[in-house]
Amino acid sequence: MKNRKSSRSAGSILFTGILFFMCFNFVLISAASAQNYTPVKDVAGFKKLYAAKSTAMNTLKSDFVQEKSISMLTNKLSSNGTFIFKKTNKLRMEYAKPYPYIFVMNEDQIIIENDQKKTNVSVNSNKMFKMISQLTIDCVTGNILNSKDFDVKISENAKVYFLVLKPNQKMIKSLFTEIDLLVAKSDFTVDRIDLKETSGDSTTLIFSNKKINTPVPDEVFIVN
Amino acid sequence: MRFLLLISCIICFYLVPGKLGAQPAIPALCKTNDSLGMYNITMEFSKNTLTGLVIFKKTNDSTLRLVLNAEMGPKLLDMELSPKGYKTIYAFKKLKRKRILKTFYEDFGALSGILIRNKDFSIDSSQSSLNFTYNLGRQKKIAYSSELSDVRIVSGKMEDGKSVKTIFHYFYDPATSMISSMKLEHQHFRMVILLNKISL
């Protein structure tokens, strides 16, 4: 009986030890990853530089990968395509995989085309589409820093700026808890956008092969 | 042939004991191996349009989980559907209304066949068509029908008393005999749901 008790207590000590070790490691890993970024000291200077680079950017073409984490699914849903932005408010996201889908925002019109049909939507009739596409544009152009809809924390490492945006606008807040941006120091373009949802799911957009100010005809934003 | 096609499409919910010994097959939304089905969705409601992704996952024999995502990101709806009712796991604030959630439950429940699970039914067959009518109680009925002349389409309708609430269609890919798309239309207000299967 005593032996059983002592083996039980030894087991619980061992279990506690393992748990403590795991927690300790987790704290260490978290601390280490947080240490990669240090707060930007000259926030005003950063904003000024970012704004200048944004002003100079008239078009942006890029490839993108979208990864969606859904709590119900064990694997992430991944899609990819091309991203085209043209000042001031033109956006085309053309998904190639896993299925073709085109999303175009042309000023106050949204056009959606999939293999089922093409749909024209006025931004006034779908505020959520407008909000999400505008949010994407603002993230890419850096305008988000001027937005009153977010509280922004900026940190950096050798290669990127790390922006954590906490929404305080009602509609954005109802969908997202936080939006994280990685901005390349080399050209002030966005490398990655993490949209963390109130539902616990998240969507990540990773940009690559970025081309700034290459000619983009207006026809790109008209879906035939 | 028509019946064989229906049978071939059973995946999620099939051949459960019914009044006549076996419940007829209803169109299936999920794959056999992982019980997962993904559809591109276009939903038109009044003057609003929503496009996105719908994922159906069979969690057990009589429960189906449904997740609706807007195309460019956020999850809008996450609910469990069963013949007894629904459980909302997550709903975007603007969808979190009993009437809206109930409409989604009935629409996706009818399309997925979850509403008719273990329900009494009657069969009406003729030389040109085959009809299954399920009694859901409280004067509600769902009828699935197929024309023998066109094996690519199965139709359905949900009735409340003498009034038809929704009409829906399943379109089959002739090559695979699997559902390739679905369309549901409300009859009392403007709401159309189009689902198109995604093969990942």
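**Chain B strands**

I started in chain B, where Lys140(B) stands opposite Asp160(B) in S9(B). This is a predicted model, in which local features need pLDDT of at least 70 and side-chain atom pairs count only at pLDDT 80 or more, while totals for chains, interfaces and linings use all residues. Residues are numbered from 1 along each chain as its sequence is written, chains are lettered from A and ligands numbered from 1 in the order in which they are written, and side-chain values use heavy atoms, with hydrogens and water left out.

I noted the strand terms. Helices (H or I, at least four residues) and strands (E, at least two) are DSSP runs, numbered from the N terminus. Two strands pair if DSSP finds at least two bridges between them.

I then followed the pairing. Strand S8 (residues 140-147) of chain B runs antiparallel to strand S9 (residues 153-160) of chain B, joined by seven bridges. S9(B) also pairs with strand S10 (residues 163-173) of chain B, antiparallel, over eight bridges. There, Lys157(B) faces Ile167(B) in S10(B). Two residues lie between the strands of the S9(B)-S10(B) hairpin, and Gly161(B) has a positive phi near 70 degrees.

**Thr51(B)**

Thr51(B) sits in strand S2 (residues 48-60) of chain B. Leaving out residues up to four places away in sequence, Thr51(B) touches residues including Ile112(A), Phe129(A) and Asn69(B) (contact means heavy atoms within 4.5 Å). Its side chain makes a polar contact with the side chain of Tyr101(A), at 2.9 Å (a pair of N or O atoms within 3.5 Å; within protein, one must be able to donate a hydrogen and the other to accept it, and residues adjacent in sequence count only if both atoms are side-chain atoms).

**Chain A sheet**

I traced 12 strands in an open, antiparallel sheet, in the order S1-S8-S9-S10-S11-S12-S2-S3-S4-S5-S6-S7 (chain A). Strands S1 (38-39) and S7 (118-122) of chain A are at the edges with a single partner strand each, so one side of each has no neighbour in the sheet. Two bridges join S1(A) to strand S8 (residues 150-156) of chain A. Thr38(A) has Glu156(A) as its bridge partner in S8(A).

**Confidence**

Confidence is lowest in helix H1 (residues 2-35) of chain A, at a mean of 52, and highest in S1(A), at 94.

Key:
pLDDT is the predictor's confidence in each residue, from 0 to 100.
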